Amino acid sequence: MHMPTLRQAIFAAALTSVALVPGTAFAETLSLWARASSSTAAQHMIDLWNTSHEDKIELTTIPDNQMVTKLATSVQAGDVPDLISFDLIFMPDFMKAGFLTDLTAELTADPNQAKVAKAFRDLATYDGKLYGTGFTPDVSILLYNKDLFAKAGLDPEKPPKTIGELTAYAKQIKDKVPDAYGYYFSGSCGGCNIFTQAPMMWGSGATLLPTSGDAPALDGPGVKEVLTMLKDLWDAGVIPESAEADTGQNFFATFETGTIGMVGSGGFAISALKANHPDMNFGIAPLPGINEGQASSFVGGDVIAIPTGAKNADLAKQFIAWQLTDEAQLEGLAKNLILPSRTDLADNKYFQEEPRYIVTAQAVGIGQTPYAFHFNDMVNADQSPWLTMIQTAVFDGDVDGAIEAAREAFREIAGQ
């Protein structure tokens, strides 16, 4: 009679023990890639998931400037992570290239998806299909120094509601407060200015970036008005001269000196200022448009998606659904003072003690994100059409010429 080897006996016993326990399954470990600038927020969500789920998730941090290339090469090689979190501005390019899994059926059946900020839902849609959803948002806001407002004779509790008021307040601060400036922006940073100046344009009604070679570009009210506002403030000396050469390195640091009345910034400013300058008296407001009621913001941050060819796509879909639940949005994000992607949770128990977080979270609901292919070429590249337009309009004084040249360049890029 053939006797089983010890190895065969152990294997048989293992199979028997599994079979004897109903519902037993082997746990999986999923991989999630996140860009460096959002990896802390992603880790909070992963930690919360891992404490309550048998299947675990491991985070791999990718440098921000390597994410596009790394995803493209991994899809082509057939070696992709199960989940990926990246700057939402790249969604159109990734969807068009076929890099992402279609999540239409799952997300449209999920009642929480309808509560996600419209900017995320719009940007994750391509050809009528959904390929991702909101994950770890950020948003642009107007940051202002209440002490400088008071010294200039302005009401610290009444930030500007129009770009006309912003101009007047900035000039008054410069006139009334020695060694202070009314406004600041990074004059050599394309990404900074799409984040902080563009919302005042599209809030006023403008369409900025084209989706094709013959689509509207820099059309409608707001573009010329905002560029003219910046030019006037620059000509009047209300913006410090250092702004012209600032590539974004001092995007936030200049406001921290306490000598700047107002600056476009992001939601991160609240926790940073409270930690580094606990005595600074600052306010948060939406970025204004031409008229009252036209406030807007740039909804930034990260989307979450599943790369094409992911080996654990079904489990990855479970994580995407879970991260939209109340538990994940509140205990994973809001508890850690990170904005939820669901607009119905903007006013939550964790933000009650710091109303500035509520204002910032509400801005996610009223904001937009430009839907454009080749966004890097249009906006972020060195001497991009967007940046060249701002510099030509503000520092050279040719507003109309700057707009026309940028419009032509945008359409050429969009037509590629």
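**Close-up views of a predicted model**

Figure 1. The largest cavity has a volume of about 30 Å³. Its lining is formed by Tyr184, Phe185, Ser186, Cys192, Asn193, Thr196, Gln197, Phe251, Val263 and Gly264. Two or more lining residues come from each of the elements α9 (190-196) and β8 (260-266). Helix α9 makes the greatest contribution to the lining, with three residues. Sorted by class, the lining holds five nonpolar residues, five polar residues and no charged residues.

**Figure 2. The disulfide between Cys189 and Cys192.** The structure holds one disulfide. A disulfide is a covalent bond that links the sulfur atoms of two cysteines. Here the bond joins Cys189 to Cys192, with an S to S distance of 2.1 Å. The torsion about the S-S bond of Cys189 and Cys192 is about 75°, and the disulfide is therefore right-handed. Cys189 and Cys192 are both buried.

Figure 3. Ser74 belongs to helix α3, which covers residues 67-77. Is Ser74 buried or exposed? The relative accessibility of Ser74 is 6%, and buried means under 20%, so Ser74 counts as buried. When neighbours within four places in sequence are left aside, Ser74 is in contact with Trp33, Asp79 and Val80.

**Figure 4. Ala305 in strand β10.** Ala305 is located in strand β10, which covers residues 299-305. With a relative accessible area of 0%, Ala305 is buried. Which residues does Ala305 contact, leaving aside its neighbours within four places in sequence? They are Asp82, Leu83, Ile84, Phe86, Leu100, Tyr131, Gly132 and Ile320. Gly261 lies 44 residues from Ala305 along the chain, and the C-alpha atoms of these two residues are separated by 39 Å.

**Figure 5. Confidence along the chain and residues 1-24.** The average pLDDT of the chain is 94, and 94% of the residues score at least 70. Over residues 1-24, pLDDT stays under 50. For this segment the model has two contacts beyond four places in sequence. Where pLDDT is low, predicted coordinates should not be read in detail.

Conventions:
Residues numbered from 1 in each chain as written. Predicted model: local features only at pLDDT ≥ 70, side-chain atom pairs only at ≥ 80, totals over all residues. Heavy atoms only, no water. 1 Å grid on protein atoms, 1.4 Å probe; cavity = no way out; pocket = protein on both sides within 12 Å on 5 of 7 lines; lining within 4 Å. Points joined across faces, edges and corners; volume = space filled by probe spheres on them. Helix = DSSP H or I, 4+ residues; strand = E, 2+ residues; numbered from the N terminus. Nonpolar A, V, L, I, M, F, W, Y, C, P; charged D, E, K, R; others polar. Buried < 20%, exposed > 50% of the residue type's maximum accessible area, 1.4 Å probe, protein only. Contact = heavy atoms within 4.5 Å. Disulfide = S-S within 2.5 Å. pLDDT = per-residue confidence, 0-100.
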